[in-house]
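Dear colleague,

I am passing on a structure that I would like you to look over when you have time. The sequence and the coordinates come first, and my notes come after them.

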Amino acid sequence: MSVLSPHDRVVILTGAGISAESGIRTFRGDDGLWENHRLEDVATPEAFQRDPALVQRFYNARRQQLLSPELAPNAAHQALARLERALPGRFLLVTQNVDNLHERAGSEAIIHMHGELLKARCLHCQHVSKASADLGPHSHCSACDQRGRLRPHIVWFGEVPLQMDDIYQALSQCTMFASIGTSGNVYPAAGFVEVANAAGAHTIELNLEASRVRTAFAEHREGPASQLVPAWVE
Ligand code: BJW
């Protein structure tokens, strides 16, 4: 662990770029997910009210891809799991990703601030459960018994991301903040670097290209996450 001391308190933010080399498409840019879907049609509460079947289909397709046997964590996910083991109690991974590749690589101290593809939430009782691969009008909540009230457990635009108090608490105490594979388009995640800077942390961006908030970082490295992250961690 050359860049880090055993006394560091580390917060990592990850985005779609860390899962790109595992075969999950990013959101923006060439071949991004939004190429085929207008964002307002699938990732807002209004879209779900207007056309729940379209939104469920969009997430069912992504859920099925995530469950396919050939999808696996890559070297970047694995390097972050090793980093966590080297810094017990001093490490928090905040991911904007809704896939489960960090967990499959071995990460445990993780917050999914934008929710999780493999979970559903009941609109009637708020119970969060495991999502079936074909969520829809027939789906049944095991807690309140209502049918057809399960939505993807995903944070859409205009909704409040999850566990924000825990995230800001960790950011305000960290000595190292690294942002990996995110374009810096979406807030509040794009503003975390400013919170870490205010806490006096060293801030580093590891991304294929400069993000929208690149100038807020003390250090920046460009390249694929599967190479940059293991090299930074080891
Ligand atoms: C690689 C690579 C490789 C590729 N190696 N790198 C004006 C100012 C500030 C805020 C707002 C504003 N107007 C509106 C807002 C709020 C809004 C917002 O940010 N809008 C912007 C568009 C301006 N935000 C919200 O509504 C959020 N809620 C909120 O603000 O609540 C208020 C509140 C906050 C805090 C406390 C209290 C109250 C909610 C945002 C929800 C975002 N949801 C989505 C979709 C749902 C999930 C899903 O369907 O999967 O989450 S949007 C989408 O973008 C998804 C992602 O998590 C998120 C970020 O995308 P990400 O990960 O950065 O992906 P890309 O594709 O953009 O970038 C990938 C990067 O990787 C690129 O840079 C590539 O170069 C790179 N890359 N291959 C390394 N191999």
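Below are my notes on the domains, on the interface between them and on the ligand surroundings.

Please keep in mind that this is a predicted model. The chain is divided into domain 1, made up of 1-23, 73-114 and 161-234, and domain 2, made up of 25-70 and 115-154. The centres of domain 1 and domain 2, taken over C-alpha atoms, are 25 Å apart.

Where the domains meet, 17 residues of domain 1 are in contact with 13 residues of domain 2, and the area buried between domain 1 and domain 2 is about 1100 Å², with carbon and sulfur atoms giving 57% of that area. On the domain 1 side, Ala16, Gly23 and Val98 supply 39% of the area buried against domain 2, which is more than any other three residues supply. Between the two domains there are zero salt bridges, whereas three residue pairs are in polar contact, both residues being at pLDDT 80 or more. The side of domain 1 that touches domain 2 draws at least two residues from each of α1 (17-20) and α6 (101-105), and by class this side has six nonpolar, eight polar and three charged residues.

As for the ligand, 34 residues surround it, and the closest are Arg28, Arg62, Thr182, Ser183 and Tyr187. A polar side-chain atom of Glu21 lies 2.9 Å from a ligand nitrogen atom, while a polar side-chain atom of Asn207 lies 2.9 Å from a ligand oxygen atom. Gln96, by contrast, places a backbone N or O atom 3.1 Å from an oxygen atom of the ligand.

Terms used. Residues numbered from 1 in each chain as written. Predicted model: local features only at pLDDT ≥ 70, side-chain atom pairs only at ≥ 80, totals over all residues. Heavy atoms only, no water. Domains from an automatic or database assignment. Contact = heavy atoms within 4.5 Å. Buried area = accessible area lost by both parts, 1.4 Å probe. Salt bridge = Lys/Arg side-chain N within 4 Å of Asp/Glu carboxyl O. Polar contact = N/O pair within 3.5 Å; in protein donor to acceptor, adjacent residues only side chain to side chain. Helix = DSSP H or I, 4+ residues; strand = E, 2+ residues; numbered from the N terminus. Nonpolar A, V, L, I, M, F, W, Y, C, P; charged D, E, K, R; others polar. Near = heavy atom within 4 Å.
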